[in-house]
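This report describes a protein chain together with an RNA strand. Please study the sequence and the structure before reading on.

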Amino acid sequence: MAEKSAKEAASSLDFIRTIIEEDIKVNKNDGRVHTRFPPEPNGYLHIGHAKSICLNFGLAREYKGLCNLRFDDTNPTKEEVEYVDSIKEDIRWLGFDWKDREYYASDYFETLYGYAIQLIKAGKAYVDDLSADEIREFRGTLTEPGKESPFRNRSIQENLDLFERMRAGEFPDGARTLRAKIDMASGNLNMRDPVMYRILRASHHRTGNDWCIYATYDWAHGQSDSIEGITHSICTLEFEGHRPLYNWFIEQLGIFPSRQIEFARLNLSYTVISKRKLLQLVEEGQVSGWDDPRMPTISGMRRRGYTPEAIRDFCDRIGVAKRESTVDIALLEHCLREDLNRRAQRVMAVLRPIRLVIDNYPEDKLEMLEAVNNPEDESMGTRKVPFSRILYIEREDFREDPPKKYFRLAPGREVRLKHAYYVTCKNVIEDDNTGEIVEVHCTYDPETRGGWAKDGRRVKGTLHWVSADHAIDVEVRLYDHLFTLEDSSNVTEGTDFKDYLNPRSLETLTDCKMEPSLKDAAPGDRFQFLRQGYFCADADSTKEKLVFNRTVSLRDTWAKIEKALKTKG
RNA sequence: UGGGAAGUCGUCCAACGGCAGGACACAUGACUCUGGAUCAUGGAAUCGGGGUUCGAAUCCCUGCUUCCCAGCCA
């Protein structure tokens with residue numbers, strides 16, 4: 001049995017785990033597995049990063065290896081400590097721990113500088129005086145080879161001198177670069193003498209003004225991996241073309257050979273996953289911030305009410321491959337519902353209230369009815385919910401003229417009030433001017449206390465409700481997909497991704513009524529509002545008024561039926 | 001027209017020369033004090049064309065499509 005499951009597991013390894021197991025088998029790197037998660041602190045982490053985090057930390061866990069956290073902080077013009085802090089918080093929240101292995105590419109600036117001198121001495125790097133524009137012109141195009149810079153063949157001595165003076169700040173920003181001397185005719189543009197250092201006078205969040213030259217990604221990343229002894233350096237597909245350069249630097253330097261492996265980044269339907277685009281939404285005020293509950297950021301999802309377990313489960317389920325793909329956001333929502341269904345306490349809240357008066361229920365009577373907290377988990381116990389003559393029910397749970405298959409309340413209909421009694425609708429009161437229904441009148445059957453009829457008669461509908469006198473007023477924010485476009489890479493010519501922002505992605509309901517047991521809910525507390533969805537108390541809550549985010553709705557079979565009925569005519 | 005990579009149900013991932021399988025989504029039914037959950041059932045795919053082979057999603061050839069690369073971003 002165990003053998004079989006091991007076999008099954010072995011037969012469904014993704015390509016990265018296949019590589020790792022082969023490496024372990026031949027005892028490469030002494031069988032060591034050491035990965036790293038290398039964010040640039042220039043924005044908040046998103047669900048795409050979660051995929052990478054789960055992969056890198058997960059691999060380390062599975063193969064009894066290590067995973068470092070390394071900030072790729074080589075561009076001081078874009079990076080900030082705010083981002084460093086948020087990234088650490090998000091990784092921890094997701095459930096991963098890098099222990100004391102918190103590194104920064106900036107930790108290696110001095111080592112990198114030494115490596116650069118080593119390359120210059122080997123005649124493999126040179127100081128170039130060409131401007132950015134000139135470098136571009138000299139690079140050639142996709143189909144034509146580039147031209148060598150006139151400064152390419154300076155003497156080693158001159159290069160050493162110039163590079164030292166670059167560091168010393170003798171030249172203005174952009175005046176010179178250090179370039180690797182490789183091949184200006186390479187079909188791979190990354191190999192056409194890539195820039196290793198640029199002169200940039202910007203204050204760095206960690207090194208301050210110590211440096212005025214900064215390593216580029218290509219020069220910093222692989223060497224940082226090597227310095228840390230990273231065995232498997234996992235990155236996304238767009239770096240595939242950089243791999244020859246990654247390997248070239250390591251070979252020329254003769255340092256530990258980390259291996260770069262590329263996988264397809266995550267795309268999700270009805271949203272965008274790109275730090276650049278997310279930053280734009282934040283800066284333009286299209287959302288309230290990086291942690292807007294509609295954002296696919298880790299902080300946004302946390303505020304929305306997502307659990308780390310659901311996110312990790314999602315990352316496990318989507319798998320890892322080299323094919324570019326767009327995962328249906330419904331899978332993410334499924335993982336969320338599955339987790340929340342297990343753990344969320346059920347409560348009753350009426351989002352769009354309408355008064356329901358039970359005419360034959362004594363005016364001054366109050367009953368405390370017992371309600372199960374979670375039918376999926378008996379250990380979560382029960383609570384008492386106040387019941388009285390005047391209640392609120394959901395406006396959409398009453399129809400004066402019910403369509404087919406509608407089995408909620410309607411004139412003459414009997415339904416169950418969850419945990420309470422059967423009630424039968426007798427009449428409604430309408431507003432004289434607008435004709436809008438303002439009150440539904442019912443009678444209740446005292447013999448059905450608790451929701452059971454002694455005579456065994458059944459009702460088709462069960463409604464949630466709250467007692468009007470005891471309800472607390474809350475605000476509820478309903479969220480929908482941030483974008484109306486399923487595939488964000490599919491924007492039609494001449495339009496921008498922001499043209500597809502969903503105008504209905506946020507609906508705020510300010511007149512919601514909730515059972516009093518929740519009055520002390522704290523931000524982050526999650527609940528299932530019976531028959532509606534999972535909700536999470538928001539940080540905007542005050543002592544006067546709680547605010548809840550709808551994390552995700554419950555599956556709504558009736559909505560589907562109704563939609564089908566409507567489209568049929 | 002250069003270099004690199006990828007094409008399997010609607011979507012995502014498997015199958016590594018031997019019955020194309022799972023999950024989500026969808027549909028149908030059962031059950032239910034949440035039209036939730038749960039359970040059962042069903043439809044649904046190997047980019048095209050050649051070839052090798054007893055046998056091809058898998059190997060070979062060829063065509064097509066898509067993605068990445070011309071930052072002193074990562």
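Which atom of RNA strand B is 2.3 Å from an N or O atom in the side chain of Glu324? The atom in question is a sugar or linking oxygen of RNA strand B.

## Confidence in the model

The structure is a predicted model. Chain A has an average pLDDT of 96, and 98% of the residues score at least 70. Residues 1-10 stay under 50 in pLDDT, and the model gives them zero contacts beyond four places in sequence. The scores of the model are ipTM 0.97 and pTM 0.96.

Among the atoms of RNA strand B that come within 4 Å of the protein, 64% belong to sugar and phosphate. By class, this surface is made up of 23 nonpolar, 24 polar and 24 charged residues.

The backbone of the protein also takes part in contacts. A polar backbone atom of Tyr217 is 2.8 Å from a phosphate oxygen of RNA strand B. In Trp558, a backbone N or O atom lies 3.5 Å from a sugar or linking oxygen of the RNA. Among the elements that give two or more residues to this surface are strand 6, helix 13 (329-343) and helix 14 (557-568).

Four strands form an open sheet in the order 4-5-6-7, with antiparallel pairing. Strand 4 (125-128) and strand 7 (213-215) each have a single partner strand, so one side of each is left without a neighbour in the sheet. On average, neighbouring strands are turned by 20° against each other, direction ignored.

Strand 4 is joined to strand 5 (residues 177-180) by four bridges; Asp128 has Thr177 in strand 5 as its bridge partner.

Terms used:
Residues are numbered from 1 along each chain as its sequence is written. Chains are lettered from A and ligands numbered from 1 in the order in which they are written. This is a predicted model: local features need pLDDT of at least 70, side-chain atom pairs count only at pLDDT 80 or more; totals for chains, interfaces and linings use all residues. Side-chain values use heavy atoms; hydrogens and water are left out. Two strands pair if DSSP finds at least two bridges between them. Axes are lines fitted to C-alpha atoms, for helices over the stretch in contact, and angles run from 0 to 180 degrees between N-to-C directions. pLDDT is the predictor's confidence in each residue, from 0 to 100. Contact means heavy atoms within 4.5 Å. A residue is near a molecule or strand if one of its heavy atoms lies within 4 Å of it. A polar contact is a pair of N or O atoms within 3.5 Å; within protein, one must be able to donate a hydrogen and the other to accept it, and residues adjacent in sequence count only if both atoms are side-chain atoms. Ala, Val, Leu, Ile, Met, Phe, Trp, Tyr, Cys and Pro count as nonpolar, Asp, Glu, Lys and Arg as charged, and the others, Gly among them, as polar.
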